[in-house]
Amino acid sequence: MKSPKAPAPRRLKSTPKRPAVMTGAVLPVLNWPPDEDRVEAIFERLSRVMPDPKTELNFSSPFTLVVAVALSAQATDVSVNKATDRLFAVADTPEAMLALGEEGLIPFISSIGLYRGKARNVIALSRIVLEQHGGEVPLNRAALQALPGVGRKTASVVLNELGIEPAIAVDTHVFRVSHRLGLANAGTPDKVEAQLHRIVPEDWLPKAHHWLILHGRYTCTARRPKCSACVISDLCPSRAGLQALGEAI
């Protein structure tokens, strides 16, 4: 006599997930280009609350800026500053960094993600700066991007911070905020950068990078954006959707 078959386990319906782009945050798909008056108003208001925005990375020279930005990839500025405060006290020039060497550098930056690869790049870029550029960091995009560990985003941060080029480095904060505000709707950082350069008014362009980063870091956060404390919330096409989903405060 055959034993009765055990009932098949009940399959639970999976909850569909919203698509995640770079941050896992909700990103609306909006028409582009945005209204020029709204774009002007956004940056005018951000300029009022952040009149002189700057990078939050600690640096004292173009060389220490390049190193700090290179170390900041996939790491917070706070964690990088903790490491470089000690590092730059003993090695703030290409010569001193090369004297420290890769193995000597690692203990200073071991608290930062991907530190072994970053140590290799910092030593390699220090050697190139010393041997090919007379110890001075080259301050043009092509030469900067030729340095190990310095991609387009890192070069943009350096050139913008030093006032050489009104570059916009599209990190996760800029990408998220640009989409939420309808300033961009492209799917890659490079395309978002191109869209921002097309629509940001020329007067605001030199500081637009910092305004978008800082706004994303402290107000328009990936999860639970602070819409009630946002100076541009009435200009944001995403606010109603975020609040309806219970993702804004």
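## Briefing: an all-helix predicted model

α2, α3, α7, α8 (172-180), α9 (189-199) and α10 (205-218) each supply at least two residues to the lining of the largest pocket. Welcome to the tour: this is a predicted model, in which local features need pLDDT of at least 70 and side-chain atom pairs count only at pLDDT 80 or more, while totals for chains, interfaces and linings use all residues. Residues are numbered from 1 along each chain as its sequence is written, and side-chain values use heavy atoms, with hydrogens and water left out.

**Overall build**

- The protein chain has 11 helices and 0 strands; helices (H or I, at least four residues) and strands (E, at least two) are DSSP runs numbered from the N terminus.
- Of its 249 residues, 47% count as buried, where buried means under 20% relative accessible area, exposed over 50% and partly exposed in between (1.4 Å probe, protein chains only).
- The chain exposes about 13400 Å², and carbon and sulfur atoms supply 54% of that area; accessible areas come from the Shrake-Rupley method with a 1.4 Å probe, and for residues only the protein chains shown count as cover.
- Among contacts between residues at least 6 apart in sequence, 62% join residues at least 24 apart, with contact meaning heavy atoms within 4.5 Å.

**The largest pocket**

- A pocket here is found on a 1 Å grid over the protein atoms alone, as an open set of points with protein on both sides within 12 Å along at least five of seven lines; a cavity is a set of points where a 1.4 Å probe fits but cannot get out, and lining residues have an atom within 4 Å of a point.
- The largest pocket holds about 780 Å³ of space, a volume being the space filled by probe spheres set on grid points that are joined across faces, edges and corners.
- Its lining has 35 residues, of which S72, A75, K153, D171 and R217 are the closest to its centre.
- Which helix gives the most to this lining? That is α10, with 6 residues.
- By class, the pocket lining divides into 15 nonpolar, 11 polar and 9 charged residues; Ala, Val, Leu, Ile, Met, Phe, Trp, Tyr, Cys and Pro count as nonpolar, Asp, Glu, Lys and Arg as charged, and the others, Gly among them, as polar.

**The cavity and S233**

- The structure holds 1 cavity of 30 Å³ or more, and the largest cavity has a volume of about 90 Å³.
- Residues lining the largest cavity include H215, C220, C227, C230, S233 and C236, and the lining has 8 nonpolar, 3 polar and 1 charged residues.
- S233 sits in the loop between α10 and α11 (239-244) and is buried, at 12% relative accessible area.
- Leaving aside neighbours within four places in sequence, S233 is in contact with C227 and R239.
- S233 and I42 are 191 residues apart in sequence, yet their C-alpha atoms are 9.4 Å apart.

**Nonpolar cores**

- In soluble globular proteins, nonpolar side chains tend to be buried together.
- The largest nonpolar core has 33 residues, and L87, M97, L105, I109 and L144 have the most contacts inside it; such a core is a set of buried Ala, Val, Leu, Ile, Met, Phe, Trp, Tyr and Cys residues joined through side-chain atoms within 4.5 Å.
- Two or more residues of this core come from each of α2 (62-71), α3 (77-90), α4 (94-109), α5 (115-132) and α7 (152-161), with α2 giving the largest share, 7 residues.
- Not counting residues up to four places away in sequence, L87 touches M97, L100, L105, F108 and I109.
- A second, separate core of 31 residues includes I168, L196, I199 and L214.
- V90 belongs to helix α3; leaving out residues up to four places away in sequence, V90 touches A96 and F108.
- The C-alpha atoms of V90 and L100, 10 residues apart along the chain, are separated by 8.6 Å.

**Backbone points to check**

- Most residues other than glycine have a negative phi, and most peptide bonds are trans.
- The peptide bond from W32 to P33 is cis, with omega near 5 degrees, and P33 lies in the segment before α1 (36-49).
- Q74 is not a glycine but has a positive phi of about 55 degrees; Q74 is in the loop between α2 and α3.
- Buried or exposed, what is Q74? At 71% relative accessibility, Q74 counts as exposed.
- L114, in the loop between α4 and α5, also has a positive phi, near 60 degrees, and is exposed at 53% relative accessible area.
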